[in-house]
Amino acid sequence: MKINLTVNGHAVALDVAPHRTLGDVLRNDLGLTGVREGCSTGDCGACTVLFNGTPIVSCLMLIPDAEGASVVTIEGLTKDGRPDPMQAAFVEKGAVQCGFCIPGMILASKAEDVPEGNLCRCTGYKKIQEAIREERRRTRPQA
Amino acid sequence: MKSVGERVPKLDAADKAAGKARYVQDLRLPGMLEAKVLRSTVPHGRIVSVDVSEAWKVRGVRAILTAKDIPAKAWGYAKDTTALKGDRVRRIGDELAAVAATDIEAAIEACERIKVVIEPLPAVYDIEATLAPGAPVLHESKGSNLVQTHHYEHGDVAAAFAKAAKVVEGTFTLPAQQHAALGPVGAVAEWDANGRLTLHDPTQIPFLVQRDLAEALDISPADLRIVQPAIGGAFGARLDLYPHEAIAALLARKAGAPVRLLFSRDEDFQTDPVRPRTIVKLRTAAAADGTLLARDADILVDCGAYVSWGSMTPVVMVNTFGNFYQCPAAKFRARTVWTNTQPTGAFRGFGNPELLFAVETQMDELARALKLDPIEFRLKNANRPEEVTPAGGRITSCGFKEVLEAVKAKLKRPAAPAEPHLKRGIGVAAVFHVGGGARIYRSDGCGATVKVDDFGKATVIVGATDIGQGMETAMAQIAAEELGIPVSMVRVATQADTDVRPWDVGVHASRTTFIAGNAVRLAAKEAKKQIEDARAALKLPPDAPVDKVVRAEHFRQKGRLISASAFYDPPTSMVDKANHGNVSAAYTWGCHGVEVEVDVETGQAVVKRVVAAHDVGRAINPMLVEGQIEGGVVQGLGYAMFEECVLKDGRMQNGFFLDYRIPGIKDVPDIETVLVETGDPEGPFGAKGIGEAPIVPIGPAIANAIADATGVRMREFPMTPERVWRELRNSR
């Protein structure tokens with residue numbers, strides 16, 4: 001079926017089977033492999049994308065439900081080769097180890113102070129918490 | 001020091017945060033096929049037939065393999081497995097057939113059409129029952145389900161127990177723990193026209209896979225090249241050769257096209273190796289003045305259906321048992337067994353979390369019984385610098401006293417809560433672990449090459465593997481320090497393959513910073529000398545920058561290439577038959593202090609605060625060391641508090657992240673890390689390995705805190721609300 005959506009600011013027209021998930025299409029048709037496939041059951045959060053600004057697990061959304069939506073993946077956060085403040089904070093604060101969960105964790109952290117739907121097996125989360133606090137401090141300074 | 005000791009962000013962090021790192025699931029080669037394995041749903045049985053004729057009718061199928069299509073030779077540590085099983089299945093998940101097809105749906109459909117007839121046999125899952133007379137034997141040629149027995153002894157144990165003022169004893173039960181790395185398991189295989197295999201494989205042991213896979217495939221190791229993509233976590237799970245690696249290679253050869261074999265998450269949970277289920281029976285004796293006298297352990301360890309590293313976890317247990325604390329008498333027996341369950345393997349800590357749950361619980365029990373402070377009791381019996389233990393361990397740098405004192409200073413008894421159903425308590429536990437390699441193979445070595453180019457940039461090519469811990473960054477800092485250039489001018493060649501990289505035994509045993517770091521330091525030192533020799537020969541001034549010197553040297557006839565290689569193998573030995581010896585060139589020490597709050601009505605215990613003090617020798621990069629400690633603490637907290645494979649009739653019942661709960665961000669307590677820097681004489685710039693130690697003491701520290709809060713002694717992990725509640729009820 002034909003699907004139109006916006007991915008990382010660009011209009012995309014697709015012709016894909018309706019049983020496929022948004023995450024599968026982003027990874028395998030659009031080459032956005034920063035959308036990590038960790039479990040395919042919606043439990044780990046590695047495939048998190050921003051869907052009209054809200055973090056969702058893209059492995060659980062069927063592609064017809066994405067019609068007309070605006071989707072941002074981790075690839076869409078880097079602008080003109082410059083990292084988003086959240087990406088920069090994760091790097092500087094040591095919040096990245098194996099890194100598999102990190103794209104989803106960063107996207108969830110853009111919208112949530114405590115990304116409780118995203119699992120990480122390496123870091124123990126403490127440096128992730130520090131990175132989120134650091135990004136908030138930089139981008140939302142108190143008046 | 002300009003580079004060593006700095007909080008340098010990980011060199012690969014920016015790519016990982018940008019989604020640019022390429023894991024095995026991101027690899028795509030032209031013409032690549034997708035593979036699926038058909039697995040047994042029967043825990044134990046005789047294979048009567050495997051009929052693949054209907055599977056060939058699925059459009060897109062390019063290769064199908066069963067046991068009769070592959071080399072029949074058994075491989076593995078106990079030579080008890082093959083990539084595909086032909087006569088018998090011994091666990092749910094055993095590999096019966098494999099399909100490669102143009103897409104994964106076709107491969108799955110083809111597997112569903114394969115007709116398998118299996119005649120069920122009686123199965124055994126319990127690690128004690130499997131040794132009972134009459135238990136079904138998994139590998140008939142082996143005679144019984146006993147894989148091996150490990151023994152160790154020093155001192156007069158019987159006499160020591162006879163004269164003791166206090167003896168404590170107990171049985172400690174530990175569950176299988178899943179590695180649950182977020183990056184799925186898989187491999188991509190391709191053969192060239194000369195019959196050479198390239199395997200893209202997130203393994204921890206590229207050079208050992210080169211050897212073992214060649215043997216399993218019956219090809220020359222010279223015709224096999226291992227390339228590692230970014231590794232999405234491992235924690236010990238990728239420390240052996242596994243059937244899927246051989247299957248991917250065999251399918252690719254049969255199909256004449258590259259093949260990718262990726263596990264689904266439930267396949268990972270159901271079939272990939274786990275930390276072994278373990279039962280530790282332990283007695284510990286002390287004199288009235290708090291002198292430790294003796295301990296005696298009898299241990300059972302599950303190997304599952306096929307033997308991998310699970311069977312060797314007693315080797316690390318013994319190392320702790322014979323070396324840790326001044327204990328004049330010790331006796332140890334561990335038996336490892338086959339059962340009709342998931343194979344067990346290496347997992348961070350490798351037996352030490354299992355053993356020290358028992359040892360450190362009894363240290364707490366003895367301290368209480370003798371009315372001594374638990375930290376003072378440990379201090380009294382602590383190892384000291386420059387001692388040789390009865391097991392033959394040579395202790396050099398030793399910050400045991402310092403880590404105990406750090407926890408004593410920082411762990412304060414909390415005020416009692418106002419609510420009568422809430423009880424608060426504190427507990428401590430300590431750890432001893434290898435920190436200077438571990439000679440479990442004949443080689444514990446690693447090679448490195450450092451070259452400096454005409455732009456002043458240094459490239460490090462090292463045998464070591466990064467699994468997320470930050471190997472590249474630590475190596476860059478060591479090379480930069482030795483060369484006297486900024487870290488930004490050092491690159492570490494990543495994703496280099498076994499054709500290019502020098503030998504390394506693998507990433508395990510907390511060895512990489514120590515072993516690979518020493519190799520890199522030696523190579524960098526030699527490269528620096530070459531630069532200084534060139535400077536002298538060319539009569540360049542001392543302040544001429546490195547790039548100018550190297551360029552001048554490379555731009556003259558009879559110039560010399562600025563490139564140096566080095567090999568480091570630590571001054572250690574394998575243990576002898578009695579398990580005595582010095583396997584590591586340095587040992588690391590740690591102590592965790594924990595505050596818990598227990599709801600005595602529900603049994604829910606919540607860890608509020610952790611003080612984690614570790615002797616790291618010297619922190620090459622304190623931020624990355626903290627990351628190892630925090631990550632280990634939280635993984636160990638999961639093991640102690642809620643992670644458990646629930647088995648029923650040989651099948652794991654909770655093989656999803658929803659049901660097998662690993663710690664989430666809301667489970668994380670306040671963690672304060674304390675880095676004690678003792679400056680090890682053999683470590684690179686004084687560093688010691690710290691990857692594993694932090695997962696070890698957190699569990700017993702929590703159990704000891706629960707005992708402090710409630711008076712109830714927990715001897716089984718995970719310490720779920722139900723288990724704590726039952727113990728509370730039984731104690732009334």
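1. Strands here are DSSP runs (E, at least two residues), as helices are (H or I, at least four), numbered from the N terminus.

2. On one side, strand 1 of chain A pairs with strand 2 (residues 10–15) of chain A, antiparallel over six bridges; pairing takes at least two DSSP bridges between the strands. A:Leu5 has A:Val12 as its bridge partner in strand 2 of chain A. The hairpin formed by these strands has two residues between them, and A:Asn8 there has a positive phi near 50 degrees.

3. Strand 1 of chain A also pairs with strand 5 (residues 70–72) of chain A, this time parallel, over two bridges. A:Thr6 is partnered there by A:Ser70.

4. Over in chain B, helix 14 (residues 622–641) packs on helix 15 (residues 698–710) at about 55 degrees, axes 8 Å apart. Axes are lines fitted to C-alpha atoms over the stretch in contact, with angles from 0 to 180 degrees between N-to-C directions.

5. Who touches whom? Contact meaning heavy atoms within 4.5 Å, B:Val633, B:Gly636, B:Leu637, B:Ala640 and B:Met641 of helix 14 meet B:Ile698, B:Gly699 and B:Ile702 of helix 15.

6. Housekeeping: residues count from 1 along each chain as its sequence is written, and chains are lettered from A in the order written. As the model is predicted, local features need pLDDT of at least 70 and side-chain atom pairs 80 or more, while totals for chains, interfaces and linings use all residues, and side-chain values use heavy atoms, without hydrogens or water.
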